[in-house]
Amino acid sequence: MNDEFRIYLDGYVFKSLKIFNRRGQQVFSSTDIQQGWDGTFKGQPAAMETYYWFADVLNSNQEKVIVKGDLILMR
């Protein structure tokens, strides 16, 4: 159903998004909020497993905040 993973922010300024696999290997990174992760790593489909994402954002006071979560890649 969802071809890309993206985050949507309201009231924050996006700085970067990073996604890691369970072993701590970074599989995606972007500083462009329009660019989402398509479930690939080095041009190949990534393993179906749980991934962890971290986004650096600025709040309304221009303070850095880290927003984080997990996602499950399924095909």
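## Charges

Lys and Arg count as positive here, Asp and Glu as negative, while His and the chain ends are not counted. Each charge is placed at NZ of Lys, CZ of Arg, CG of Asp or CD of Glu. By this count, the protein has 9 positive and 9 negative side chains. The centres of the two sets lie 8 Å apart.

## The model

This is a predicted model, where local features need pLDDT of at least 70, side-chain atom pairs count only at pLDDT 80 or more, and totals for chains, interfaces and linings use all residues. Residues are numbered from 1 along each chain as its sequence is written, and side-chain values use heavy atoms, with hydrogens and water left out.

## Overall build

The protein has 0 helices and 6 strands (DSSP runs numbered from the N terminus: H or I of at least four residues for helices, E of at least two for strands). Its C-alpha atoms fill a box of roughly 40 × 25 × 20 Å along the principal axes. Of its 75 residues, 32% count as buried (under 20% relative accessible area, with a 1.4 Å probe and protein chains only).

## Serine 30

Serine 30 belongs to strand β2, residues 26-30. Serine 30 counts as buried because its relative accessibility is 5%.

Its side chain makes a polar contact of 2.9 Å with the side chain of glutamine 35 (a pair of N or O atoms within 3.5 Å; within protein, one must be able to donate a hydrogen and the other to accept it, and residues adjacent in sequence count only if both atoms are side-chain atoms). The side chain of serine 30 also reaches the backbone nitrogen of aspartate 32, at 3.0 Å.

Note on methods. Buried means under 20% relative accessible area, exposed over 50%, partly exposed in between (1.4 Å probe, protein chains only).
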